[in-house]
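This report describes a structure by its helices, its nonpolar cores and its overall dimensions. The sequence and the model are shown first.

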Amino acid sequence: MQIDDVQAGGRGIAAPSAARPIISIRGLRKMYGSFCALSGIDLDVAEGEVVVLLGPSGSGKSTLIRCINLLETYDSGTVRVDDVAVQPGPNLAAVRSEVGMVFQSFNLFPHMTVLRNVALAPIRVRKLAPKAAEDRAMDLLNRVGIAEQAGKFPGQLSGGQQQRVAIARALAMEPKILLFDEPTSALDPEMVGEVLDVMQSLARTGVTMLVVTHEMGFARRVADRVIFMERGQIVEEAEPETFFSAPKEERARAFLQAVLNH
Amino acid sequence: MDLIDTFFNGRVLWDSLPLLLMGLGTTLSLGIISIVLGLIGGLILALLRLYGPPALSGLWVLYIDLFRAIPILVLLVIVYYALPFVGIRLSPFASATTALSLVSAAYSAEILRAGIQAIPRGQFEASQALGLSYWSMMGDIVLPQAVRIVVPPMTSNCINVMKDTALASVVAMPDLLKQATQAQALAANPTPLIGAAALYILLLLPMVRAVGTLEKHFARERR
């Protein structure tokens, strides 16, 4: 795998100020047959940074964040998390346990109670005693506002509640990084707010977050940096105020026009 | 009345009961052993087919298709009457167990594969994203959900194996059907056959009912 720093005039590499990058991606390429899903992505994310990825569907945002914990394989390039290369092998599970992920379709374990959903991975991976893991799970459920549902099964909860359980499940591993893959896209409109509220309060705790979303209000309020992607490339990146008020690239302007004018 | 005396003759039934119960015992042990062997074989086949070396997967598919296509009676006759020509001589019981388990393994493998494949990809992804090991993913997440999907069709398969044990009477195995036909010949009265039918039904009806109940139970749990 080649490290390719000088892609497109250095565009795509942000220089997060003093902090060291906790995620470092270089020259990431992925093809689906002849379709180029990612065409040479370079990206650094600083510890504690909240990055929102925007762009039309099929632009590669989800593929990009799914490459970070190797749910998606890629053809060339490197991904490093906390200075450890993410690659198949005995280290992979350990790296993944540091990277929490929240999915569009929740993916809760339907045969387990809400409490067990949250407590399982700490018991199995962190080797926590079941009692300790359940106490912590309870704290987290409290934090996302659904402690009273702890004994129910996921199927008995609303979409918004399920997604908050999924966030608690990811947090239970005390990950350094949280990836959100369109976390509100499968929700009824009246439930989007409760999930975004939880995410916003998380952002204030200083955890590193990468969020793929179509919620422009969230991006504007919460993001430290907005990345706009199209056709597998990073087209523009900027602070949210700059991006939303004065996007530089024509394609970003067209996208914002389309999503904001309805 | 004549009809009652012919088909539901109390005395004949009473006299043939010891024979019938012996036959039932043979049928039960043949059925249970074949079901257990079929399940073990099926699980191994399903895992080999899904996660084994890709180069060999054609082999497992061939086995599964072949043994689902061949009529059990034909297989049984081959095992019992043809294999001795190559020096493999199996008792009636061993022949019947072999034929039934070989076929049951093929069906079980298909049922288990379908069950595992019915688990949404998101369940595997969520497990991997949490850093769970392969064995934890299979043991905690995938197989417990697959079992719920698989139990009703698997029970149907067990019913079929139990029923197919009756074919073993062809190779002179003293199972329930064989004992009943013998008792019928002795008493010159078909009542023992009716008795055997009643025993088969008593044995299998609860299992047939259970399939429906389990299906409803799991359907409710899934939403």
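## Helix α1 of chain A

The buried residues of α1(A) are A:Lys61, A:Ser62, A:Thr63, A:Leu64, A:Ile65, A:Arg66, A:Cys67 and A:Ile68. Buried means under 20% relative accessible area, exposed over 50%, and partly exposed in between, with a 1.4 Å probe and protein chains only. The helix, residues 61–68, is thus mostly covered, with 8 of its 8 residues buried. Just after α1(A), A:Leu70 takes a positive phi of about 60°. Helices (H or I, at least four residues) and strands (E, at least two) are DSSP runs, numbered from the N terminus.

The model is predicted: local features need pLDDT of at least 70 and side-chain atom pairs count only at pLDDT 80 or more, whereas totals for chains, interfaces and linings use all residues. Residues are numbered from 1 along each chain as its sequence is written, chains are lettered from A and ligands numbered from 1 in the order in which they are written, and side-chain values use heavy atoms, with hydrogens and water left out.

## Nonpolar cores

A nonpolar core is a set of buried Ala, Val, Leu, Ile, Met, Phe, Trp, Tyr and Cys residues joined through side-chain atoms within 4.5 Å. The largest has 55 residues, of which A:Leu54, A:Leu141, A:Ile167, A:Phe180, A:Met199, A:Met209 and A:Phe243 touch the most other members. Helix α6 (residues 189–203) of chain A gives the most to this core, with 8 residues. Another core, of 49 residues, lies apart from it and has A:Ile41, A:Leu43, A:Leu70 and A:Leu92 among its members.

With neighbours within four places in sequence left aside, A:Ile167 is in contact (heavy atoms within 4.5 Å) with A:Val102, A:Phe180, A:Val195, A:Val198, A:Met199 and A:Leu202.

## Chain B

Chain B has 9 helices and 0 strands. Its radius of gyration, taken over C-alpha atoms, is 22 Å, well over the 17 Å that the globule rule (2.2 Å times the number of residues to the power 0.38) gives for 223 residues, so chain B is more spread out than a compact globule.

| Property of chain B | Value |
|---|---|
| Box filled by C-alpha atoms, along the principal axes | roughly 75 × 50 × 25 Å |
| Buried share of the 223 residues | 42% |
| Share joining residues at least 24 apart, among contacts between residues at least 6 apart in sequence | 78% |

B:Ile4 belongs to helix α1 (residues 2–7) of chain B and is partly exposed, with a relative accessible area of 49%. B:Ile4 and B:Thr191 are 187 residues apart in sequence and 9.3 Å apart in space, C-alpha to C-alpha.
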